[in-house]
Amino acid sequence: MASIKEQFEIPGTLKTWSYALIGIGAVALLYGMVTKGFSTDEHEQVHFWGTLMYNTIFWTLVTNAAMFFLCFSTMAMAAWMQSFRRIAEAISTLVPIFGGITLLVLLYVVIGEKHHIYHWLDKEAVAADPILKGKAGFLNPTFFIIWTTLTITLWSYFGYRMRQISLEADVAPMDAAAAHKYNVRSMVRSGFFLVWFGLTVASTIPWLWLMSIDAHWYSTMYSWYTFASSFVAGMALIALWLIYLKNKGYMELSTSDHLHDVGKFMFAFSIFWTYLWFSQYMLIWYANIPEETVYFKHRVQGAYKPIFFLNLFINFLCPLLILMKRSAKRNFTLVAFMAVLIIFGHWIDFYQMVMGSLMKEHVSLGWLDFGILAFFVGVMILMVARSLASKPLIAKYHPFLKESILHQV
Amino acid sequence: MAQKKFVVGCFDDENVLFPAVKQVRSAGYKIKDVYTPFPVHGLDHALGMRETSLHTAGFIYGITGTTTAVSAISWIFTKDWPLNIGGKPHFALPAWVPIIFELTVLFAAVGMVLTFCYLCQLAPGVKKHHFHKRATDDLFVMVIECSDKTNTSDLQALLKSNGAIETNVQEAEEGWWFGTYDNDELPATA
């Protein structure tokens with residue numbers, strides 16, 4: 001393995017681009033915060049904090065999805081992803097950073113009693129409302145703050161533990177007994193993350209952070225829908241970094257066979273997302289009960305109609321038709337294009353999930369959205385590159401690495 | 001039923017089989033197939049077989065199913081027998097999606113299974129020649145098609161030198177037939 005480039009050196013252009021994006025984003029963020037976030041007009045406030053909320057929640061969940069990918073692969077004793085596991089690890093180092101931003105934004109919204117964002121923060125309205133009173137055991141500031149803090153802390157901590165055990169595979173070759181012990185320890189650590197992930201991303205966190213914006217409305221599909229959306233975008237992000245590093249001459253051990261399987265995840269979970277999208281929509285459409293259809297009223301018939309169906313077009317029809325062929329999933333250019341499209345599509349999905357409920361009358365998509373997006377993309381690029389450069393690109397004594405090198409689809 | 005001549009070489013090790021396949025192919029012989037007791041990774045590639053087009057067939061069956069479902073349901077519910085179901089419009093696309101999906105899957109699945117059977121020449125009552133019975137147990141059986149000019153003893157020597165533990169020449173029916181194995185002359189091997 002002497003010829004393998006183990007050490008990633010951050011190219012100058014990457015730094016320039018990420019600093020430029022962060023710069024643009026910071027200007028948009030500050031300008032938006034001054035003119036909208038702290039303005040006296042509640043409408044402007046909702047616009048700014050809502051936009052910041054969906055961006056930071058989206059990127060937190062997407063980066064966390066990379067750690068989820070690592071953990072379920074470890075739990076299933078999957079070998080094929082070992083040749084590029086450091087990419088997923090590097091992406092997951094952003095969970096504490098983006099999670100921290102999410103925590104600050106949500107704390108500001110909840111402690112600042114921004115009841116135009118979370119209607120259940122309005123104490124008088126809750127007291128006069130039997131539905132909200134019934135939900136008060138779950139939708140109250142104390143529980144929200146404790147559960148959010150605990151969630152982000154434990155995602156970060158269990159993720160950190162997983163990255164630490166990965167570093168042990170850099171030190172020395174393992175014999176069979178040591179390798180077995182290493183695998184068991186990895187699986188136990190991934191188990192902690194997976195259980196906590198199930199309790200949060202797959203259930204409570206989307207209810208608290210996103211669904212409670214429509215405080216009266218509920219959908220049992222909502223959490224899985226959010227999870228599918230963030231996971232497919234997370235796989236697309238892993239694919240993008242893999243392709244970028246291959247282009248720069250790194251990741252010699254990862255081939256189009258590995259890309260093929262990442263592409264399969266992007267394809268399959270796009271279909272899974274559509275399944276949840278449709279199940280949520282059809283049941284509400286069929287039953288036609290006013291308190292349920294209220295969520296779709298302004299999305300399907302109002303101002304959000306173009307965005308709502310653009311969402312379905314980008315996130316379902318494009319992956320279905322473009323990524324279906326085997327040769328498409330093995331084509332680096334095409335997968336890179338689809339990965340960008342899928343990340344953008346699910347960002348739009350989060351946009352309509354949040355802003356579609358906060359600003360029902362008109363679509364606010366504009367400089368603020370793309371400015372804040374630029375900030376998060378810039379931070380993501382810079383921090384992932386730094387994390388990749390901080391340790392070897394290959395966990396070279398990992399017991400499963402050889403199987404990953406031989407991976408053939 | 002045209003009988004054809006084949007040279008058969010049996011190998012007991014995957015690691016010997018792969019170089020042998022390479023040698024036989026580069027010597028210019030045409031390998032009909034290699035019968036193995038289990039799927040061997042990369043063997044199809046080593047044999048130079050082309051990618052299967054079963055997926056393309058599957059896609060075509062799938063969209064046939066989609067078209068069938070959409071046209072049938074829309075004709076039934078809007079033209080042939082319109083019913084008022086819960087006040088929904090007659091052209092109620094969301095309600096049809098599950099059925100459209102099911103028919104797509106059904107057409108694709110059944111179509112692909114039948115195509116697969118056709119391509120592999122599998123059907124009830126169909127018989128094919130067995131080149132070596134241990135191909136289902138522990139031997140990798142390489143079958144090479146002979147032309148008029150093939151020197152079978154040279155070929156057998158080549159196979160032996162590449163690690164074949166057993167070689168023979170068989171006159172066999174190339175394709176499939178209906179009936180019994182009586183009209184197939186099995187080679188006199190153990």
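Predicted model: local features only at pLDDT ≥ 70, side-chain atom pairs only at ≥ 80, totals over all residues.

Residues are numbered from 1 along each chain as its sequence is written, and chains are lettered from A and ligands numbered from 1 in the order in which they are written.

Q: Why are H10(A) and H11(A) called oblique to each other?
A: The axes of helix H10 (residues 256-287) and helix H11 (residues 290-301) of chain A come within 9 Å and cross at roughly 120°, where axes are lines fitted to C-alpha atoms, for helices over the stretch in contact, and angles run from 0 to 180 degrees between N-to-C directions. Angles under 35 degrees count as roughly parallel, over 145 as roughly antiparallel, 65 to 115 as roughly perpendicular and the rest as oblique, and H10(A) and H11(A) are therefore oblique.

Q: What makes the contact between H10(A) and H11(A)?
A: Tyr281(A), Ile284(A) and Ala287(A) of H10(A) meet Glu292(A), Thr293(A) and Phe296(A) of H11(A), contact being counted if the C-beta atoms of two residues, placed from the backbone, lie within 7 Å.

Q: How do you know that S1 and S4 of chain B pair?
A: Two strands pair if DSSP finds at least two bridges between them, and strand S1 (residues 3-11) and strand S4 (residues 140-145) of chain B are joined in the antiparallel sense over six bridges. Within this pairing, Cys10(B) has Val141(B) as its bridge partner, and Gly9(B) stands opposite Met142(B).

Q: What makes S2 and S5 of chain B the edge strands?
A: The open sheet has four strands in the order S2-S4-S1-S5 (chain B), with antiparallel pairing, and S2 and strand S5 (166-173) each pair on one side only. Five bridges join strand S2 (residues 30-35) to S4(B), with Lys30(B) opposite Glu145(B).

Q: How many residues of chain B are in contact with chain A?
A: Five residues of chain B are in contact with six residues of chain A.

Conventions: Helix = DSSP H or I, 4+ residues; strand = E, 2+ residues; numbered from the N terminus.
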